[in-house]
Amino acid sequence: MPALSRHDLPHGVLHQGNVLDALRALPDECVHCCVTSPPYWGLRDYGVAGQIGLEKTPEEYTARLVAVFEEVRRILRKDGTLWLNLGDCYSSYFSKRSSWDPSGTKQQSNNGSLAAPSREVRGLKPKNLVGIPWRVAFALQAQGWYLRQDIVWNKPNPMPESVEDRPTRAHEYLFLFSKSEKYFYDYKAVLEPVAALAENKRRQSAVSLSFAREVSEPDRPGQTRSQHRVSRSGNKQRKTGAERGCPAGTGSNVRSSIPWEGSLRNRRSVWTIATEPFPGAHFATFPTALVEPCILAGSPMGGTVLDPFFGSGTTGLVARQLRRQWVGVELNPEYCDLALRRVQGLPTSKPKGKGNEPLPLLQLAQAAPVAIAP
């Protein structure tokens with residue numbers, strides 16, 4: 001197992017080595033949020049001793065992640081959040097693939113890693129969905145985390161599957177956990193636009209429904225149109241926006257029990273984000289568009305973001321772009337070098353015409369350590 005070492009940059013610090021050893025070296029309550037995607041269970045072998053994902057059972061895998069995130073919870077501020085992306089898999093026949101090999105459709109875009117052996121799960125018949133994301137989510141909840149939201153990452157460009165007895169999988173889960181009941185969440189930073197077509201359709205439907213009610217039953221003596229509609233629907237009479245405290249110019253004349261959102265609305269729990277190819281990596285990379293709203297909502301400007309499974313460095317890259325500090329942990333020395341190049345905007349792949357020799361490792365000058373303050 002690689003010895004623990006540290007690489008300091010002006011905007012972040014990367015710890016190279018075992019994740020638990022690195023996290024235990026960090027002080028209490030020193031980061032604002034954690035955004036991460038651990039290696040998926042039974043998907044691939046990254047060729048480094050001590051890696052997570054090669055456990056024989058889902059229970060062993062879950063237990064190792066619970067131990068990691070127990071340290072993450074200590075490191076998070078009291079108002080901190082954890083954004084955790086996990087993929088699922090199916091139980092299969094042991095005879096289908098009994099050793100690590102480079103076959104399998106998922107490995108075609110991950111040259112250099114080995115496909116996992118068959119996922120024979122005790123207690124599950126073959127072809128059962130294992131439910132890894134929810135197993136981990138409930139285990140973390142049992143350890144004291146607040147499970148605040150399951151977010152569906154909808155992939156418009158999913159990996160093709162040669163199955164004919166179920167739909168092709170086109171989503172993964174992103175869980176939002178908090179350390180405390182009250183926590184930092186900047187909802188204004190991640191508001192999303194209201195689709196014009198959907199808004200026009202909603203208004204047309206409301207007008208049509210209102211007209212139908214008025215035609216089918218005349219107003220009663222002394223009733224306003226609003227009171228008439230309320231009496232027909234059985235709902236309580238709604239107050240105007242001005243009566244509800246809406247500021248001028250934001251639809252204060254609209255009658256509704258729902259806060260006025262104008263052209264923006266609170267972010268929904270289904271995020272449609274395409275996967276992003278990255279030629280410099282031998283594994284599936286975190287899309288920058290998936291990381292960005294997590295960092296915006298989970299940390300203030302100038303805050304510190306943690307990723308204990310740094311991989312290709314997407315969390316650090318986005319944190320830097322959003323003017324946050326970052327702290328990463330990565331076990332694989334090659335991926336550490338790759339991530340350090342990426343966050344600094346340096347080449348991450350060999351020029352055309354070169355052979356299979358690896359890029360030379362970075363010779364980093366030891367910059368001043370990143371100031372991590374609670």
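This is a predicted model: local features need pLDDT of at least 70, side-chain atom pairs count only at pLDDT 80 or more; totals for chains, interfaces and linings use all residues.
Which residues in helix 8 are buried?

1. Residues are numbered from 1 along each chain as its sequence is written, and side-chain values use heavy atoms, with hydrogens and water left out.

2. The chain has eight helices and 13 strands, taken as DSSP runs numbered from the N terminus (helices H or I, at least four residues; strands E, at least two). Of its 374 residues, 42% are buried, where buried means under 20% relative accessible area, exposed over 50% and partly exposed in between, with a 1.4 Å probe and protein chains only. The accessible surface of the chain is about 20200 Å², and carbon and sulfur atoms hold 53% of that surface; such areas come from the Shrake-Rupley method with a 1.4 Å probe, and for residues only the protein chains shown count as cover.

3. Among contacts in the chain with a separation of 6 or more, 68% are between residues 24 or more positions apart, a contact being heavy atoms within 4.5 Å.

4. In helix 8, the buried residues are Tyr335, Cys336, Asp337, Leu338, Ala339, Leu340, Arg341, Arg342 and Val343. Because nine of the 11 residues of helix 8 (residues 333-343) are buried, this helix is largely enclosed by the rest of the structure. The cover over its buried residues includes strand 1 (5-9), strand 2 (12-16), helix 6, helix 7 and strand 13 (325-330).

5. Helix 6 is also mostly covered, with eight of its 11 residues buried, namely Leu290, Val291, Pro293, Cys294, Ile295, Leu296, Ala297 and Gly298.

6. The axes of helix 6 (residues 288-298) and helix 7 (residues 314-321) come within 9 Å and cross at roughly 55°; axes are lines fitted to C-alpha atoms, for helices over the stretch in contact, with angles from 0 to 180 degrees between N-to-C directions. The two helices are therefore oblique to each other, as angles under 35 degrees count as roughly parallel, over 145 as roughly antiparallel, 65 to 115 as roughly perpendicular and the rest as oblique.

7. On the helix 6 side, Thr288, Val291, Glu292 and Ile295 meet Thr314, Thr315, Leu317, Val318 and Ala319 of helix 7.

8. Glutamine 321 lies in helix 7 and is exposed, with a relative accessible area of 56%. From C-alpha to C-alpha, glutamine 321 is 9.5 Å from valine 343, and the two are 22 residues apart in sequence.
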